[in-house]
Amino acid sequence: MTMQIADDVSLSSPDAKSRAHAAAARNNLRTEPRAVRIAIITLAIAFLSVFVVLPLVVVFAQAFSRGILAYFDALAEPEALAAIKLTLVVAAISVSVNLVFGLVAAWAIAKFEFPGKTFLITLIDLPFSVSPVISGLVFVLLFGAQGYFGGWLGDHDIQILFAVPGIALATTFVTFPFVARALIPLMQEQGTQEEEAAISLGASGLQTFFRVTLPNIKWGVLYGVLLCNARAMGEFGAVSVVSGHIRGETNTMPLLVEILYNEYQFVAAFAIASLLAMLALITLIAKTILERHLDEGHDVNDH
């Protein structure tokens, strides 16, 4: 009798009910026949193999098709080194700018109410809906020789297009939603209670941000920076429009891959492409780790 009462009490507790509902949900997901489950899993694995795994295997196979020495010789070419350096510089600039913008925009949207808030969110999402080629053309219309600011820039000997500033601007535009979009839902979920408590205890706005807000969103910041950096290093469309394709000067890694491939330098092209592929794999692994930390943070906040 005592054991029966204990079982009834345990089943009536909130945790026990949650576990029971979770178990029931898992059982509901397994109501499909075994053949259907096998077919779905097989289809998913086949799709990933054809569209993800196979292209990666081809890239690395072609890159090393003439041996490891030819691979490293291709990477040591002056054009390749210049493209790698330019890609890293542009990624560093765009990620830094987007990190500052993302933090400010997410803090404003998640913590405050103000006129035009919905419009600001729409502007943040704009690069997701605009083709990168179109965004590159916008910069040409603004800073080109016949653009709105082209005459003034020419008179003052300032080079924007076909130079690092233009590439950095185009890359920053297509990547600026990533940090903000990673932080906005996270900061909205956390609310404003901790910040209000810190301010009521005498902390300034900057002290509240660096000692309360930033530690709570650190994994979200890293997640947004990771995605922003991956997109910045792999951007092709917008950069292709504003770069001018000046060999050894304004070609990033994706642009150089296209040029080398069109010139039938397949080993060199796939060698550069393999670096981008390795970046994608590293990004995938880091993304998985950061998502795990974010999920753990959500579980702690729920409890």
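Colleague: How many aromatic pairs does the structure hold?
Modeller: The structure holds 14 aromatic pairs. Note that this is a predicted model.

Colleague: What makes the pair of Trp 107 and Phe 209 tilted?
Modeller: The planes of Trp 107 and Phe 209 stand at 35 degrees. Stacked needs under 30 and edge-to-face over 60, so the rest count as tilted. The ring centres are 4.7 Å apart, and pairing requires them within 6.5 Å.

Colleague: Which helices does that pair link?
Modeller: Trp 107 sits in helix H5 and Phe 209 in helix H12, 102 residues apart.

Colleague: Why is Trp 107 called partly exposed?
Modeller: Its relative accessibility is 22%. Buried means under 20% and exposed over 50%, so a value in between is partly exposed.

Colleague: And why does Phe 209 count as buried?
Modeller: Phe 209 has a relative accessible area of 8%. The cut-off for buried is under 20%, so Phe 209 is buried.

Colleague: Why is the pair of Phe 139 and Phe 173 called edge-to-face?
Modeller: Their planes lie at 80 degrees, with centres 6.1 Å apart. Edge-to-face means over 60 degrees, so the label applies.

Colleague: Buried or partly exposed: what is Phe 139, and what is Phe 173?
Modeller: Phe 139, at 12%, is buried. Phe 173, at 21%, is partly exposed. The line between the two classes is 20%.

Methods: Residues are numbered from 1 along each chain as its sequence is written. This is a predicted model: local features need pLDDT of at least 70, side-chain atom pairs count only at pLDDT 80 or more; totals for chains, interfaces and linings use all residues. Side-chain values use heavy atoms; hydrogens and water are left out. Rings of Phe, Tyr and Trp (its six-membered ring) pair if their centres lie within 6.5 Å; planes under 30 degrees apart count as stacked, over 60 as edge-to-face and the rest as tilted. Helices (H or I, at least four residues) and strands (E, at least two) are DSSP runs, numbered from the N terminus. Buried means under 20% relative accessible area, exposed over 50%, partly exposed in between (1.4 Å probe, protein chains only).
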